[in-house]
Each structure stands twice: as structure tokens, then as C-alpha cells.
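Please keep the sequence and the model at hand while reading.

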Amino acid sequence: MTTTVMADGQLTPEEQKRLTADMHRSLRRKKIRAFMLVAPLVVFILITFVAPIATMLFRSVDNPQVATYMPNTTAALAQWEGDALPDEATFAALVKDLTEGRKNKTIGKAATRLNYEKSRMRSLITGTARKAARLTPPYKDKVIKIKKGWGDIDTWRVIKRESTTFTKSYYVAAFDMKTQPDGEITVLPDKQQIYIKLFWRTVWMSLLITALTVILGYPVSYLLASLPLRTANMLLILVLLPFWTSLLVRTTSWIAMLQGQGVINDLLVWIGLVGDQDRLTMIYNATGTVITMTHILLPFMVLPLYSVMKTIPPSYMRAARSLGATPFTAFYRVYLPQSVPGISAGAILVFILAIGYYITPALVGGQSGQFIGNMIAYHMQGSLNWGLAAALGVMLLVLVLGIYGIYNRLVGDNKVKMG
Amino acid sequence: MALPSYAGPLETIWYYLFRVICALVFIFLISPLIVIIPLSFNVEPYFSFTEGMLALDPEAYSLRWYEEFLNSERWMASIKNTFIVAAFSTVLSMVLGTLAALGLSRSELPYKGLIMGLLISPMIVPLIIAAAGMFFFYSWMGVSQSYLGLILAHTALGTPFVVITVTATLTGFDQNLVKAAESLGASPTYAFFKITVPLIMTGVISGGLFALMTSVDEVIVAIFIAGAEQRTVPMQMWSGIREQISPTILAVATLLVAMSILLLTTVEYLRRRSENIRGISSH
């Protein structure tokens with residue numbers, strides 16, 4: 001492309017326009033080229049990681065069972081006011097749904113779904129479905145004769161409420177609340193509360209673990225930062241080796257350390273601190289979870305803290321001392337404030353990792369050392385209440401992403417440094 | 001940090017006390033890994049030291065659990081599975097992660113923060129949530145209970161490490177080197193393989209080792225999406241610890257500690273080499 005230059009060395013307006021357009025085009029090409037490099041991984045992560053999580057989270061509000069497997073009842077109840085038992089037509093629709101549902105083996109899905117909302121709904125529905133095919137009209141009294149539950153207006157209110165495409169009932173359950181038959185949402189009595197309590201316990205234990213990693217990690221990082229590099233690198237291996245060792249290996253070794261006949265109890269008995277009869281119970285409870293997780297997460301505290309402390313010039317402390325500060329004042333007023341970014345980076349990293357833990361609490365936590373992750377796993381694999389698992393997952397995810405947002409503000413994600 | 005000459009008696013006491021505290025923390029960090037080594041040679045089927053072991057009686061030690069491990073078809077199959085899954089997912093993570101890091105390091109890339117957030121999300125999101133999601137989605141895609149599914153999942157979990165380490169290597173990277181090569185007549189491809197690749201290689205490899213370790217150690221996603229056919233070493237350990245806890249697990253654990261020593265040494269070697277090449281001293 002040739003550019004004619006005017007006599008005074010200026011470009012003509014057309015030339016200028018063309019040059020700008022060229023520049024834009026080349027910049028766009030560069031942008032596209034940069035994007036093409038990123039695109040494969042972006043697409044890969046979207047398909048293999050983000051889409052699975054998004055679809056799972058959708059399950060926390062997704063509610064197709066009743067509307068799909070009891071379509072006639074759903075339609076019949078649409079106009080129902082909810083102040084008296086439904087009419088004969090609705091009962092006829094119910095009998096039709098139960099008969100077809102039993103034939104297609106789908107009625108159990110609707111029954112299971114409704115059983116989350118009201119106990120004994122499953123036996124009510126499957127028990128009636130077994131006899132539904134033999135019924136002849138008029139149905140209303142005959143159905144109520146098979147199972148009294150159909151004469152209860154609340155049964156119908158629950159069916160109507162859960163025949164919508166989306167539901168909030170999994171979140172209601174996850175927040176330890178209950179929808180009353182009249183539609184009012186109330187908090188469960190204290191004794192029946194599970195999930196909110198477990199959430200608080202997870203947060204509280206994660207905070208405790210974070211605090212312990214700060215208390216144990218700070219002196220070690222300080223020592224590492226103030227030793228000559230060669231010695232520091234040697235000692236750093238003691239931090240990095242656990243970091244690189246399998247999580248399951250570390251959990252296993254803590255079982256060997258902490259159990260009744262374990263190394264620590266044996267040692268305490270041998271010294272004579274503890275009698276052979278009353279060995280300490282340090283595992284399969286909250287203590288076991290806290291000790292093991294503190295050990296597993298300690299390197300995540302030491303490494304960022306150490307990398308910040310390395311940048312604090314030792315001369316500042318000496319200057320403070322020479323100006324008359326006591327060792328404590330010099331540390332508290334000069335060193336500590338400069339190490340705060342390291343503490344906050346490490347603490348938030350440890351806290352985020354701790355709050356989502358599942359494996360370690362499951363193996364060494366017993367009853368009292370379980371985390372919210374264990375409850376999600378239980379509803380995924382044990383009770384198969386996937387909607388509730390999804391609702392708890394959303395709550396955990398919101399919590400983690402919220403804290404990560406704060407972390408990002410504080411340190412910036414490109415400064416995550418490990419090893 | 002030598003004790004200053006002007007230190008008073010209190011400060012002297014604190015100086016030594018502080019070192020004792022640090023020593024205790026180091027013991028806390030390392031003792032669990034040390035303890036399992038002798039226990040794995042226990043002749044008895046216990047997880048604790050027997051009197052004979054403490055008396056250093058050779059009779060009390062044996063290779064029994066290592067034999068059991070080597071003769072167990074289940075363990076051997078799980079090693080093979082772990083190896084297959086880790087090898088493929090590490091290579092995939094390295095390729096995808098390195099390409100992405102090269103793109104991320106270009107100043108022209110729009111929405112950089114958003115993309116970076118997306119790419120490192122597998123490191124932030126609790127694994128139990130990811131595993132639950134993959135449980136449904138992968139079976140819908142028809143890849144659950146298959147090697148492919150597990151490889152895809154582990155690749156997703158491993159890429160953030162490659163992205164982070166390679167991006168870090170590229171921050172000290174002088175783009176003028178590439179321009180110089182091109183001005184001397186090198187084609188962009190030639191310049192990439194002759195200049196860029198050798199300089200970022202250490203980052204790629206240490207990111208790859210992180211990804212390898214992630215795959216070798218990953219159990220949550222594996223429990224949710226792998227079938228009995230794909231049973232990996234961590235899955236075997238997980239069920240071993242939950243069901244019948246036998247010292248065979250300690251033997252495996254000891255071998256895994258040996259492996260992490262090897263990995264750690266490699267990563268440290270690479271890190272120092274990278275610092276030397278790029279002329280960045282560690283201080």
C-alpha cells in the first residue's frame with residue numbers, strides 16, 4: 001500500500017483515514033489471534049466444567065416430576081381454589097394418572113418427589129396406584145376409602161403447589177424451613193434444624209483451621225524469611241514435602257498418629273501423661289478433622305506468607321530498634337503491618353479450600369467433624385435427593401465465590417503463588 | 001537471623017524459644033509422613049508400633065504388605081488406570097494451558113480478567129460441587145464410567161496450574177527477543193520454537209507436574225464419575241480406608257511419599273533453572 005505524502009510532510013485526510021482503518025484492522029487481527037490461542041481452553045472449560053455445574057445448579061429449582069408424571073391431576077388442579085376437597089373430575093384425573101403411571105412405572109418418581117414435601121406421600125400414592133386400575137366411577141369416595149390421606153385437603157394443596165415447573169422448596173428445606181399447608185414458610189424448631197447449623201459449623205471450623213494455620217505458619221515463615229537463602233531452602237523442603245504429598249496419604253498417616261492405639265496415644269501413655277485406660281479420643285470427631293486439615297492446609301498459608309515476608313527489608317526492624325523501640329514494639333509497629341498482605345492472602349486461600357472440604361472430614365471426622373460438603377455427597381449418593389444437594393451446592397458456591405471476590409480485590413488473582 | 005549483640009536476657013530467651021516453636025511446627029509438618037514409613041514394614045496387621053518394632057527386633061519388620069500390594073490385582077489395575085488417566089490429562093492440560101497462557105499474555109486480548117477467572121475456576125470451586133455436576137452431565141454426554149470422562153474431568157482440574165505457571169514465566173518474558181529473531185529473518189513458527197518454547201519450557205513442565213499431581217491425587221470426581229473399570233489408586237485408597245483398613249495402605253502411602261519427594265525435587269530444580277535462565281535471582 002503506497003501512501004502519498006503531501007509537500008509539507010502531512011498526510012492527506014483520505015490517507016489519514018485509510019491509515020487509521022489499517023491500524024484498526026491490524027489490531028483486530030491481533031485481537032483475534034490472541035483470542036484464538038485462548039479459545040480452545042475456554043471452550044474446553046465451558047463444556048467439561050462450567051456446563052456440568054450450571055446444569056447441576058439448575059436442579060435446585062427444577063421441578064418436573066409432578067407436572068410430567070401426573071399431568072391430568074395437574075391440569076385438573078389448576079382451577080382449584082384450595083378451600084374444599086377437589087371435585088369428582090379431579091379424582092377421576094388422579095385415578096387416570098395413577099393407572100397410567102403404574103403401567104409406565106413412572107408414578108414412583110412423582111411419589112418420591114412429593115414425599116420430600118409431606119411424609120407418607122409415597123405410600124399414599126404408590127398404595128393407591130396399585131388398586132387404581134380396578135376402580136370404576138364415581139371415584140371420589142372409593143379413592144378416599146383406599147387411603148384416608150386423599151380426604152385430607154393438605155394432600156391436595158401439596159400436589160398443587162409442587163405441580164409447577166420451578167420450585168423454591170429445595171431452598172426452603174436447605175434453609176431449615178418448612179412450607180405450611182396454607183403456603184406460609186416457617187422456620188423449623190431448633191431441634192430439627194440441620195443444614196444451617198451444619199453451615200455454621202463448617203464456617204466456624206474453617207475459621208478455626210485458618211486461625212491455626214496463621215498461628216503455626218507465621219513464626220515458620222518469619223524464620224524462613226530471615227535465614228540465609230541456602231538454609232531457608234533446606235527448611236522449605238519440610239513445608240513443600242507435605243504440600244506435594246497425596247491428601248489421602250496425609251489423612252491416612254493422621255489416622256495412624258491419632259487413633260486410640262496410635263502413635264501419639266502410645267507416646268503419651270509411655271511418658272505417663274495418660275493412663276492406658278483413658279487414652280485420648282482425637283480422631284473420628286471434630287478434633288480429628290481440625291488437626292488433619294490444619295496439617296494439610298498449613299503449606300497454603302506458609303508459601304504466600306513467606307513470599308511476602310521475603311520482600312520486607314530486615315533493615316527496617318534494625319532501624320526501629322536503633323531508634324529505641326523494644327523488640328516487641330519494633331515487630332508490632334514495623335514488621336507486622338508489612339506482612340498483613342501475606343496473612344490475608346494465605347488466610348483467604350486456606351479458608352476457601354477448607355470450607356469446601358469433603359474427603360478428610362469423611363475419613364477422620366466421625367459425626368461431629370462433618371462439613372457441608374459431606375451433606376452434599378450424602379444427598380447425591382445416599383438419599384438421592386438431588387434437588388436438595390443442588391440447593392446446598394448453590395449456597396456453598398455463593399459463599400466461596402463471594403470470599404474469592406474479596407480475595408481478588410485484596411491481592412489480585414495473578415499473584416496466587418504456590419511452590 | 002543471628003542474635004544481635006545488644007540483646008538483653010529476655011530477648012535471648014525469646015530467641016531460643018522462638019526457634020523451639022518453629023522446630024515444633026516443622027515436626028508437626030513432617031512427622032506424619034515419617035511415621036508411616038516404619039509402620040509400613042510392620043509384620044503385624046496393625047497401624048501402630050509393636051513392642052518388637054520399638055526394640056528394633058528384625059523379626060518385627062517385614063515386607064509383607066509390599067508383597068500383598070504387588071500381588072494384588074486390584075492395586076495393580078488401579079496403578080495402570082491412574083497412569084493412563086494421569087498421562088493423557090497431563091499432556092492435554094499442558095497443551096491447552098500453554099496455548100491459553102500465550103494468549104493471555106498478549107496485551108491485545110479483550111476481557112482478560114473475565115477469561116482468567118473462568119480458566120482458573122476449577123481451582124476455586126469446591127470439588128464436591130464440580131463432582132456432583134459432572135455426575136449428571138457426563139452421563140448425559142455418555143462419557144461417565146469411561147476413561148475418556150475421567151481424562152476430560154482431570155484435564156479441566158489440571159489446566160489452571162499450567163495457565164498460572166506459564167503466565168508467570170511469561171511475565172518476565174522479553175517480547176523483543178521474538179521481534180529480534182523475526183527481524184533476522186526467522187518465520188513466526190521458527191521464532192516460536194527457537195525462542196519462546198525454550199524460555200517457557202520450565203513453566204510448562206512445572207505446571208504439568210502440578211496437573212499430574214492433581215490427577216494422581218484426585219478422588220472426589222473419580223468416585224462420582226468413574227466406574228469399577230477405571231478404579232484409580234486414590235479410589236482404591238479411599239475405599240481401603242473406609243472399609244478394611246490394612247497396612248497395605250501404609251505401604252502404598254510410603255511409595256507415594258517417595259514419589260512426591262521425586263516430584264518436589266524436579267519442580268525445585270526447574271524453578272531454579274528457570275530463574276537462572278531468565279536472570280531473575282530469587283531475591
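At what angle do H12(A) and H1(B) pack, and how far apart are their axes? They pack at an angle of about 75°, with the axes 9 Å apart. This is a predicted model, in which local features need pLDDT of at least 70 and side-chain atom pairs count only at pLDDT 80 or more, while totals for chains, interfaces and linings use all residues. Residues are numbered from 1 along each chain as its sequence is written, and chains are lettered from A and ligands numbered from 1 in the order in which they are written.

**Helix packing between the chains**

- Helices here are DSSP runs (H or I, at least four residues), numbered from the N terminus, and axes are lines fitted to C-alpha atoms over the stretch in contact, with angles running from 0 to 180 degrees between N-to-C directions.
- H12(A) and H1(B) are therefore roughly perpendicular to each other, given that angles under 35 degrees count as roughly parallel, over 145 as roughly antiparallel, 65 to 115 as roughly perpendicular and the rest as oblique.
- On the H12(A) side the contact is made by A:Arg250, A:Thr252, A:Ser253, A:Trp254, A:Ala256 and A:Met257, and on the H1(B) side by B:Pro32, B:Leu33, B:Val35, B:Ile36 and B:Leu39, where contact requires C-beta atoms, placed from the backbone, to lie within 7 Å.
- By class, the contact of H12(A) with H1(B) has 8 nonpolar, 2 polar and 1 charged residues; Ala, Val, Leu, Ile, Met, Phe, Trp, Tyr, Cys and Pro count as nonpolar, Asp, Glu, Lys and Arg as charged, and the others, Gly among them, as polar.
- Helix H1 of chain A (residues 13-58) packs against H6(B) at an angle of about 90°, with the axes 7 Å apart, and the two are therefore roughly perpendicular to each other.
- In that pair, A:Phe49, A:Ala51, A:Pro52, A:Ile53, A:Thr55 and A:Met56 of H1(A) meet residues of H6(B) that include B:Ile129, B:Met134, B:Phe136 and B:Tyr138, and the residues of the contact divide into 12 nonpolar, 2 polar and no charged.

**The contact as a whole**

- Chain B gives 77 residues to the contact and chain A gives 72 residues.
- H1(B) gives the most to the side of chain B that touches chain A, with 14 residues, and the residues of that side divide into 62 nonpolar, 10 polar and 5 charged.

**Helix H6 of chain B**

- The 15 residues of H6(B) should span 21 Å at 1.5 Å a residue, and its end C-alpha atoms are 20 Å apart, which agrees; the expected span is 1.5 Å times one less than the number of residues.
- A kink of about 30° in H6(B) is centred on B:Met134, the bend at a residue being the angle between axes fitted to the seven residues ending there and the seven starting there.
- H6(B) is mostly covered, with 12 of its 15 residues buried; a residue is buried if 20 or more other C-beta atoms lie within 10 Å of its own, exposed if 12 or fewer, and partly exposed in between.
- Just after H6(B), B:Gly142 takes a positive phi of about 80°.

**Kinked helices of chain A**

- Helix H11 of chain A (residues 229-244) reaches 21 Å from its first C-alpha to its last, close to the 22 Å expected for its 16 residues, and a kink of about 30° lies at A:Leu238, shortly before the proline A:Pro242.
- The buried residues of H11(A) are A:Leu236, A:Val239, A:Leu240, A:Pro242, A:Phe243 and A:Trp244, and what covers them includes H1, H9 and H12 of chain B as well as H10, H12 and H14 of chain A.
- Helix H16 of chain A (residues 327-355) spans only 37 Å between its end C-alpha atoms, whereas a straight helix of 29 residues would span 42 Å.
- In H16(A), a kink of about 45° lies at A:Leu336, shortly before the proline A:Pro337.

**Packing within chain B**

- H4 (residues 73-104) and H11 (residues 233-242) of chain B pack at an angle of about 140°, with their axes 7 Å apart, and that makes H4(B) oblique to H11(B).
- B:Met235, found in H11 of chain B, counts as buried with 20 C-beta neighbours inside 10 Å.
- Leaving aside neighbours within four places in sequence, B:Met235 is in contact with B:Ser78, B:Val219, B:Ala222, B:Ile223 and B:Ala226.

Technical notes. Contact = placed C-beta atoms within 7 Å.
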